[in-house]
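User: Could you walk me through this one? I'd like to start at a single element and then zoom out.

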Amino acid sequence: MPFEANYDEAKVPDCELPDPLTAEDGTAVSGSSDWPSRRAELLSLFETHVYGRTPSKKIDLRTVVMEEGDAGDCGVRKQIRFYFTLEDARPYADLLLYLPTAPRACATFVGLNFQGNHTIQADPEILLSDVWMREKGEGVVDHRSTEAARGSSSSRWPVSSIVARGYGVATLYCGDLDPDYDDGYSNGVHPLFYADGQSKPHADEWGTIGAWAWGLCRALDYFETDDDIDASRVAVMGHSRLGKTALWAGAQDERFAIVISNDSGCGGAALSRRRFGETVGRINESFPHWFCDNFRQYGENEDALPVDQHALVSLMAPRPVYVTSAEDDGWADPKGEFLAARYADPVYRLLGTDGLDAETMPGIHEPVTSRIGYHIRAGGHDVTAYDWDRWMDFADKHLGQGL
Ligand code: GCU
């Protein structure tokens with residue numbers, strides 16, 4: 001039967017969600033000192049059943065500054081190459097960074113981009129990516145980018161406004177870490193971690209989202225070495241598949257001070273058990289490489305999942321987390337995204353924060369800025385200036401930033 005998404009709230013099944021505050025052996029997590037072990041348990045469940053385990057092996061990662069220059073309204077630009085082996089060869093990833101001109105340790109947003117660093121600004125100095133691209137974007141021919149692609153996603157990356165508010169902004173192309181198609185994990189970073197004789201990840205090992213999240217953590221390692229950045233004030237953000245990735249990076253790496261998920265939907269902030277819009281079965285069919293193989297058993301079988309996505313949001317606690325949705329983005333289930341934020345609230349409260357200061361879903365353009373933040377804006381599946389302005393307000397409030 002062809003897949004037909006449900007967009008009717010009346011047809012959402014009654015769902016019983018696993019309780020983040022009840023350990024697997026049934027004991028209640030009743031004090032903040034019980035949380036670390038429950039947190040570890042939940043993280044392990046997400047590793048085993050959803051995203052796959054990230055290998056702990058250390059590889060020969062080297063960073064080389066490729067370019068640094070004045071970027072006008074966008075402040076100062078730096079481009080840093082991450083080589084993953086001792087050879088100056090692929091796979092490698094390029095980090096693009098814009099910082100306010102006055103050099104000082106600044107709070108910074110980091111997120112992956114969909115079509116190459118050169119698409120985030122029409123800046124001729126950005127290294128043009130020469131690896132595989134989806135054919136979706138402007139200026140992509142035979143899965144390779146051309147000069148015509150420069151700046152094609154700049155509406156999603158308002159760099160000059162971000163820098164004007166005193167923040168740095170950094171990005172990597174997700175395809176530098178793992179090209180976004182199902183190739184059995186023979187390209188990208190996966191093979192660097194295989195044990196002798198291994199040719200693909202085991203059923204509980206990382207997929208593409210895991211590799212992308214790993215790349216975000218490597219960016220954070222770099223920030224710790226760059227005096228122009230305050231690595232203790234880094235917000236990891238992402239849109240859609242890259243929003244799922246931002247959440248998974250933030251869950252695994254508690255050095256991220258703020259985690260922002262935009263329109264991340266199924267496998268991101270949306271509750272899987274609601275089966276509203278995209279479902280687990282459908283996502284595994286369309287994107288079999290994103291999650292670990294174990295996740296496939298939960299297609300049309302969501303109730304068997306030992307976790308749901310509110311537990312992922314709770315893994316950010318007590319750090320500020322901001323879940324953002326768009327009104328016309330039914331595929332990503334805005335209500336399911338709100339409810340995941342809502343049901344993470346007891347964990348945040350247990351840890352002594354204000355949690356999510358909204359019992360019911362707020363109206364359009366009524367941001368909630370408590371430690372768990374939430375907004376829904378008008379319009380469709382996208383990143384807009386409205387989103388960025390609210391994320392910066394949220395970071396001002398929670399990181400004590402502000403010019
Ligand atoms: C598809 C996919 C979503 C994903 C989105 C995106 O719509 O089904 O899960 O979030 O692409 O990344 O833009």
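User: Which residues of helix 9 are buried?

Analyst: Bear in mind that this is a predicted model. Buried here means under 20% relative accessible area. By that cut-off, the buried residues of helix 9 are Tyr386, Asp387, Trp388, Arg390, Trp391, Met392, Phe394, Ala395, Asp396 and Leu399.

User: How far apart are the end C-alpha atoms of helix 9?

Analyst: Helix 9 covers residues 385-399, which makes 15 residues. At 1.5 Å a residue it should span 21 Å. The model agrees with that, as the end C-alpha atoms are 20 Å apart.

User: Zooming out, what is the radius of gyration of the protein chain?

Analyst: The secondary structure comes to nine helices and eleven strands. For 403 residues the globule rule gives 22 Å, and the chain's own value is close to that, so it is as compact as a globular protein of that length. The radius of gyration is 20 Å.

User: What share of the residues is buried?

Analyst: The C-alpha atoms fill a box of roughly 55 × 55 × 40 Å along the principal axes. Of the 403 residues in the chain, the buried share is 59%.

User: And how far apart are the mean positions of the positive and negative charges?

Analyst: There are 37 positive and 65 negative charges in the protein chain.

How values were computed. Residues are numbered from 1 along each chain as its sequence is written. This is a predicted model: local features need pLDDT of at least 70, side-chain atom pairs count only at pLDDT 80 or more; totals for chains, interfaces and linings use all residues. Side-chain values use heavy atoms; hydrogens and water are left out. Helices (H or I, at least four residues) and strands (E, at least two) are DSSP runs, numbered from the N terminus. The radius of gyration is taken over C-alpha atoms; the globule rule is 2.2 Å times the number of residues to the power 0.38. Buried means under 20% relative accessible area, exposed over 50%, partly exposed in between (1.4 Å probe, protein chains only). Lys and Arg count as positive and Asp and Glu as negative; His and the chain ends are not counted. The place of a charge is taken as NZ of Lys, CZ of Arg, CG of Asp or CD of Glu. The expected span of a helix is 1.5 Å times one less than its number of residues.
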